[in-house]
Structures are given as structure tokens and as C-alpha cells.
Amino acid sequence: ETPITSVAKMSEIQELDVHEMDGIKTGLKPLDKELMKIFTGGVMLVTGSPSSGKTTFLNQIVLSAMDSDFPVFMFSRELLNGMSLGWLNNVAAGRRNMHEINLNNGDSFYVVNDDAKVNIRNEYDDKLFIYKDEEGNDEESLLKSMEMCAKRRGIKCFLLDNLMTISLNTNENGAFNAQTELMNKLVRFSIEYNVSGIVVAH
């Protein structure tokens, strides 16, 4: 009889202790209590309506990862590199390290103090790698950069914001299938390099 090589019996599988597995805490205690951590070897999908706090939430994860010595790769076509850095600085600094700017029309906003920006850069400069604005957003270029960063920089957390902005080189009718295939590639990538993947989808 020809064996079925695509399945395994219980006795052939080594159980994993989730308490011993690598992963990233979100830094949000209620969420960490439920999730335990964002485990390496897998991909987490994040979704939400516009202005629901996704960017702040993602930056919280990025900071928590770096504080745990997990270098981070960040891809965003939602924001320019400088804007992504600004959002991260805002979350990292907190209100106590910001000052208020008052406009002539009566509106006001807060900006991070210069000394806080220097401290944040010194703390995280070798832990955060942002995919450059001028680089292609096609699937091939992005995956190549991710692979190089995993191999040469030891990056353990890959954040992609968002799935809809990655060019999949397909026609409109095949878009959903192409997105599915990309997600499968990202899962395989996370398993191969034992990293955490975080993908934003709208």
C-alpha cells in the first residue's frame, strides 16, 4: 500500500511548549494575557476601520519588540519614511516628553522634544530597519529585502502595512488568489527564518 506522506500520526509529532517558544509581547497586558505573545514562525493579521488606532497599536508592538531585543523590519506605503518615524517617536516619547505648539487659528498639537528624539534614536537605531520609500513595492523586491534582513541583520519581527499596497503583478480577476499566495509565502518565510510576521489588511 502506498503510504500517505502528507499527514502524521499523533505519535510522530513533537508537542511544542508555548511557554518556551520565542515571541514578542505586545506590551498591552490584557492582550498579552490572551495571546501570550506573537509567536515566531507565524503571521498575525491586523485589521480595523480607518482611525481605529492601528498605527499606534503597531508602533506599540514595534517598541515592545525592540525592547525585547527583537530587531524590526518595517514596510509601509501608508506613510512616508519620515512620517512613520514621527509616529514611532510620538508613541515612544509619551506626552511627558512633548511640548505644545499653538497655531494662529487657535488649534494646537504636540511635538516630541528634540532631546527625546535623540535618546530614542540612540536607543533603537540598530534595531529598526525601515524599507525605503524609493524602493519598489512589488512582491519580489519586498521579499528579497526581507530575506536579506533576516539573514544578515538577524531581524525577528517583520511588519507589513499594508497588504493592499504590495504590487502582486496580477490582473484584477486574480488579485484575491495572488494575495492568498503572498500570505502563504509570508507564512513559509516566517517558518523558515523563525520570525514573527505582522500584516495589516484593510
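These legends describe close-up views of a predicted model.

Local features need pLDDT of at least 70, side-chain atom pairs count only at pLDDT 80 or more, and totals for chains, interfaces and linings use all residues. Residues are numbered from 1 along each chain as its sequence is written, and side-chain values use heavy atoms, leaving out hydrogens and water.

**View 1**
Helices (H or I, at least four residues) and strands (E, at least two) are DSSP runs, numbered from the N terminus. Helix 6 covers residues 175-193, 19 residues in total. From first C-alpha to last it reaches 27 Å, close to the 27 Å expected at 1.5 Å a residue. That expected span is 1.5 Å times one less than the number of residues. Its buried residues are A178, Q179, L182, M183, L186, F189, S190 and Y193. Buried means under 20% relative accessible area, exposed over 50%, and partly exposed in between (1.4 Å probe, protein chains only). Seen down the axis, the buried residues of helix 6 fall within an arc of 140°, so they line one face of the helix. The arc is that of the directions from the helix axis to the C-beta atoms. The face turned away from the buried side carries exposed F176, N177, I191 and E192. N194 follows helix 6, with a positive phi near 50°.

**View 1. Q179 and its neighbours.**
Q179 sits in helix 6. This residue is buried, with a relative accessible area of 16%. Leaving aside residues up to four places away in sequence, Q179 touches L163, M164 and L168. Contact means heavy atoms within 4.5 Å.

**View 2. Helix 5, covered on one side.**
The buried residues of helix 5 are E139, L142, L143, S145, M146, C149 and A150. They cover an arc of only 160° around the axis, which puts them on the same side of helix 5. On the other side, E140, K144, K151 and R152 are exposed. Strand 4, strand 8 and helix 6 are among the elements covering the buried residues of helix 5. G154 follows helix 5, and its phi is positive, near 65°.

Strand 4 (residues 72-76) runs parallel to strand 8, joined by 5 bridges. Strand 9 is also parallel to strand 8, again with 5 bridges. Two strands pair if DSSP finds at least two bridges between them. D161 stands opposite S76, and its bridge partner in strand 9 is V200.
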